[in-house]
Structure formats: C-alpha cells, structure tokens
Amino acid sequence: MFTRRGFLQTLGGGFASFAALGSYAFAIEPLARLNIARYTLTPPGWTPGLKLRVVALADLHACEPWMPASRIASICAQANDLGGDITVLLGDYASGMNLVTRYVHSSEWSKALATLKAPLGVHAIMGNHDWWEDRTAQKNGGGETFGHRALSNVGIAVHSNRAIRLEKDGHGFWLAGLEDQLALLPGKKWGRRSMTGLDDLDGTLAQVSDNAPVILLAHEPDIFPEVPARVSLTLSGHTHGGQVRFAGLAPVVPSRFGDRYAYGHIVEEDRSLIVSGGLGCSIAPIRFGVPPEIVVIDLG
C-alpha cells in the first residue's frame, strides 16, 4: 500500500542516489526557506467594517537540527513583524519523526512561542502529534497533554472545544478551537480498536451566543465538510501541503480526501477553508515544493 510514511521514507532513503534533489529537499527548503502566504477575503456573513488580520503558524514539529528553539524564536519574530491583530497556532508542536539529533522539550518550544505578540492575543489548538507523543494522555484517553500545559504555562490560551468572543474596533467575532480529530491512537495497550477523535464541533459552536462571525481552528482539515455555513472561515494545518509537491500536486496527503484539502484556500458551497503548508517536517525531514510558511489572512 502506498502511504505517506512509505513515500517519505523511500524519498529519504534515496538521498545518495538523488544528491541534488536531496540537498535541496533535506536542507535548503526545510531549513533555509520561509515564505509568507497571504490571503485576502470577505467571507459570506462577515461583519461590514470589521477589518481583521490573522497570522497563523502550523506544524512546527520542534526537534534538532530541523526546528530548534532558536529557529522557532526567529519565526515568531518574523510573525510579529506582520502586524497581525490576532495570532493563532494550529497544532503539532511536538516532533513527529525519529530522524533527529535531539528532541526539543515542550518547555523550550513553548518559551520560544511565548515571544509571539498580538493585540487580540495568541491562541492555540493541539494537533495529533501533540497527543500521540504523550503516553500519559494516551493512557488516560483524554485530559491535557504536555503541550496544553506548556502553552498555558507561558500565557498562551489553548482552546479545546471552546469558543470565545473577541472584539476589534467595536465589532465582535468568535474564535472557536476544536480538540484534535485523531487524538487517541488504537491499540491493545490503550484499550482502543480504532483512532478516536476528541473534537466536538456541535458542542463548540453551541457556545456561540450571537450573530457575530466565527473563525474555526481545526488542526485537520477533514472536518470541513461538516462545518456549517455559520462559520465564516476554517483554518487548518496537518497536511504540510503534502510536504512534497510536484507541479502543484502532492503524491500522498494525510487526509481521507486526498488532495482535496491539501493546501491553500478552498471554497465549497460558499464556505471557506485555508490550509497552511506548515513550518516543520513529519516522518522524514523533507520538504519539496512546499516551503515552510507563515500564513497571513486579511478579512474584511
């Protein structure tokens, strides 16, 4: 079966045979490039006069030498310079691969993320790897991960199936954050037969108590077909844009919808989804055709 893990590991194993590609995919693109992906839109139902700039970071996968704390701090400094009204973190702070020289502790990457600044605050959700790398959370089948605690300890709000109302220039809007859709791994040692999500879309949106627009944070974009038109914009990560893209297409995307929600601005039935290409690497330290990126969305 052709899987994302198998594809990336195969590409990784071909380093000696594909030296030119390897030097770029293993070093230049993952380590030396950083793009700013910009989107401008006025979603249906958006409040007239509400001008909002959202800066989004996704999929850091902190580890050395690929994403050390110093590089995270540098990315945060560049994010701060983009003039966002609000900064959102879309999950997967923990490393998701074995090809590392050192794992970066949550106290280190969270300290780097604590340098983020925005007038309406910095807001975070968890990703699947934040759950998968926490054996205690897997055993408990819920609760908090070390990622939840690390971010909370540095003053970053973490939203686990929670919606909050914010305001800019007298105009209100809602920020809703889902818990991860792939949080709990299957296995006999965990007493689970299948992957189990901890997301509660209906319960989260039930907290919205007025007609102000809603921005939904959901690590995996696969929830999008279930998102109602009441939500103005959904922001996701997880896919890394496929992590490897040729001619605009990714051979393997970690989504049951394939390339449908792999990357960029997707509009379906007047509903908007933006999927970040992310910043780090998962499974193998390779990026090709999908440079690390900070996402900037101008709404209004």
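## Close-up views of a predicted model

**Figure 1. The lining of the second largest pocket divides into six nonpolar, three polar and one charged residue.** The model is predicted: local features need pLDDT of at least 70, side-chain atom pairs count only at pLDDT 80 or more, and totals for chains, interfaces and linings use all residues. Residues are numbered from 1 along each chain as its sequence is written, and side-chain values use heavy atoms, with hydrogens and water left out. Ala, Val, Leu, Ile, Met, Phe, Trp, Tyr, Cys and Pro count as nonpolar; Asp, Glu, Lys and Arg as charged; the others, Gly among them, as polar. The lining consists of Ala62, Ala94, Ser95, Tyr103, Val104, His105, Ser106, Trp109, Glu133 and Phe146. The pocket holds about 200 Å³ of space. On a 1 Å grid over the protein atoms alone, a pocket is an open set of points with protein on both sides within 12 Å along at least five of seven lines; a cavity is a set where a 1.4 Å probe fits but cannot get out; lining residues have an atom within 4 Å of a point. Points are joined across faces, edges and corners, and a volume is the space filled by probe spheres set on them.

**Figure 2. The second largest cavity is lined by Pro44, Ala229, Val231, Ser232, Asp270 and Arg271.** Its volume is about 30 Å³. Three lining residues are nonpolar, one is polar and two are charged. Two cavities of 30 Å³ or more turn up in a search of the whole structure.

**Figure 3. Helix H3 spans residues 69-80.** Helices (H or I, at least four residues) and strands (E, at least two) are DSSP runs, numbered from the N terminus. H3 has twelve residues and reaches 16 Å from first C-alpha to last, close to the 16 Å expected at 1.5 Å a residue; the expected span is 1.5 Å times one less than the number of residues. Its buried residues (under 20% relative accessible area, 1.4 Å probe, protein chains only; over 50% is exposed, in between partly exposed) are Arg71, Ile72, Ile75, Cys76 and Ala79. They lie on the same side of H3 because they cover an arc of only 145 degrees around the axis. The arc is that of the directions from the helix axis to the C-beta atoms. In the loop between strand S3 (63-64) and H3 sits Pro65. The peptide bond from Glu64 to Pro65 is cis, with omega near 5 degrees.

**Figure 4. Six strands form an open, mixed sheet in the order S1-S14-S2-S4-S6-S7.** Strands S1 (35-41) and S7 (157-158) are the edges, each pairing on one side only. Pairing requires at least two DSSP bridges between two strands. S2 (residues 52-57) and S14 (residues 293-299) are antiparallel over five bridges. Ala56 has Val295 in S14 as its bridge partner.

**Figure 5. Strands S8 and S9 form a hairpin with two residues between them.** Seven bridges join antiparallel S8 (residues 162-168) and S9 (residues 171-177). Lys168 stands opposite His171 in S9. In the turn, Asp169 has a positive phi of about 50 degrees.

**Figure 6. His238 and Glu269 have positive phi values.** Phi is near 75 degrees at His238 and about 50 degrees at Glu269. His238 lies in the loop between S11 (231-236) and S12 (264-268), and is buried at 8% relative accessible area. Glu269 lies in the loop between S12 and S13 (271-275), and is exposed at 70% relative accessibility.
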